[in-house]
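Hi,

Here is the structure I promised to pass on.

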Amino acid sequence: RQALVKLQRMQLPDGGLPWFEKMPDDRYITQLIVAGFGKLKKLGAFDASQDATAQVILQNALRYLDAATARDYAELRRQKNVKLADNHLGDLHIQALYARSFWLKQPAAAASKSAYSYYREQAAKYWPGQTRYLQAQMALALFRAGKVAPAAQDILRALAEDALHSSELGMYWKEVRGGYYWHEAPTETQATLIEAFDEVKNDQKSVDEMKLWLLQQKQTHHWESTRATADACYALLLHGSDWLAAPQPMQITVGG
């Protein structure tokens, strides 16, 4: 409840959320929070659409997200000598598709519907040039939207072919080493890949192998931020073997 009140106090009139209080709105962080609400609902932990305070925050954030996506598309169409069929897919567009995919039952603004359709088509066509993190987000967004679902399977098939396997490290990708940008973060990348293999492919063997890499990272290095830790916990709590369960109940004998 305290967290919701804090978010509500920070939310700006246009629905955007800042990194910190008194700062301007930030598209990345707003979309991250929309996706975060979606993850909580998916785990059965908290449904923002059923809570009065959270519903207002979510609706305003979705309004902001829809407006930003529609504005980008409109600006693209206004530019002369720009071919819409070319690659105009940015990382924030992919994140928007992913965040919105958790809330498809929440009606999108009319002006944004054609924009979302355009960027989904872009994702289905231009996914090979994106990072593993963004490829996983695109696969989930396309799979949930349903209209271009075959592309989601193509993405997962390519990811599976490029994966490395190790008895010690599990299933992972050599490119997942981290970088400067948010969509290059190794822990969040692996967590989102787990989500994609779980939901799109229902491949529990791969999910368990990928969870092993997450736990090895925690054991040998660390989960590098609160965001990384939250995403790692989310991935570990998804379907697959229950790795939090004790292998057998503890038995204690007193006095013989």
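Gln190 lies in helix 8; helices (H or I, at least four residues) and strands (E, at least two) are DSSP runs, numbered from the N terminus. Its relative accessibility is 0%, so Gln190 counts as buried. For that word I used under 20% relative accessible area, with exposed being over 50% and partly exposed in between (1.4 Å probe, protein chains only).

Two things to keep in mind: this is a predicted model, so local features need pLDDT of at least 70 and side-chain atom pairs count only at pLDDT 80 or more, while totals for chains, interfaces and linings use all residues. Residues are numbered from 1 along each chain as its sequence is written, and side-chain values use heavy atoms, with hydrogens and water left out.

Ala196 is also in helix 8 and is buried, with a relative accessible area of 0%. Leaving aside neighbours within four places in sequence, Ala196 is in contact with Ala136, Leu140, Leu156 and Lys201. Its C-alpha atom is separated by 33 Å from that of Arg9, 187 residues apart along the chain.

Now helix 7 (residues 149–162). Its 14 residues should span 20 Å at 1.5 Å a residue, and the end C-alpha atoms are 21 Å apart, which agrees; the expected span is 1.5 Å times one less than the number of residues. Which residues of helix 7 are buried? They are Ala149, Ala151, Ala152, Ile155, Leu156 and Leu159. Seen down the helix 7 axis, these fall within an arc of 155°, so they line one face of the helix (the arc is that of the directions from the helix axis to the C-beta atoms). That buried set packs against helix 5 (110–126), helix 6 and helix 8. Pro150 and Glu161, on the other side of helix 7, are exposed.

On to the aromatics. There are 8 aromatic pairs in the structure. Rings of Phe, Tyr and Trp (its six-membered ring) pair if their centres lie within 6.5 Å; planes under 30 degrees apart count as stacked, over 60 as edge-to-face and the rest as tilted. Tyr28 and Trp182 have ring centres 5.2 Å apart and planes at 40°, so this pair is tilted. It links distant parts of the chain, with Tyr28 in helix 2 (residues 27–42) and Trp182 in the loop between strand 2 (170–172) and helix 8 (186–201), 154 residues apart. Both Tyr28 and Trp182 are buried.

Trp182 also pairs with Tyr133: the centres are 5.6 Å apart and the planes at 80°, so that pair is edge-to-face. Tyr133 is in helix 6 (residues 132–145), 49 residues from Trp182. Tyr133 is buried, with a relative accessible area of 3%, and Trp182 counts as buried at 17% relative accessibility. Trp19, Tyr28, Tyr133 and Trp182 form one aromatic cluster.

Last, the core. The largest nonpolar core has 66 residues, and those that touch the most other members are Val34, Phe37, Trp103, Ile155, Trp173, Phe197 and Leu214. By nonpolar core I mean a set of buried Ala, Val, Leu, Ile, Met, Phe, Trp, Tyr and Cys residues joined through side-chain atoms within 4.5 Å.

Cheers

Definitions and conventions: Contact = heavy atoms within 4.5 Å.
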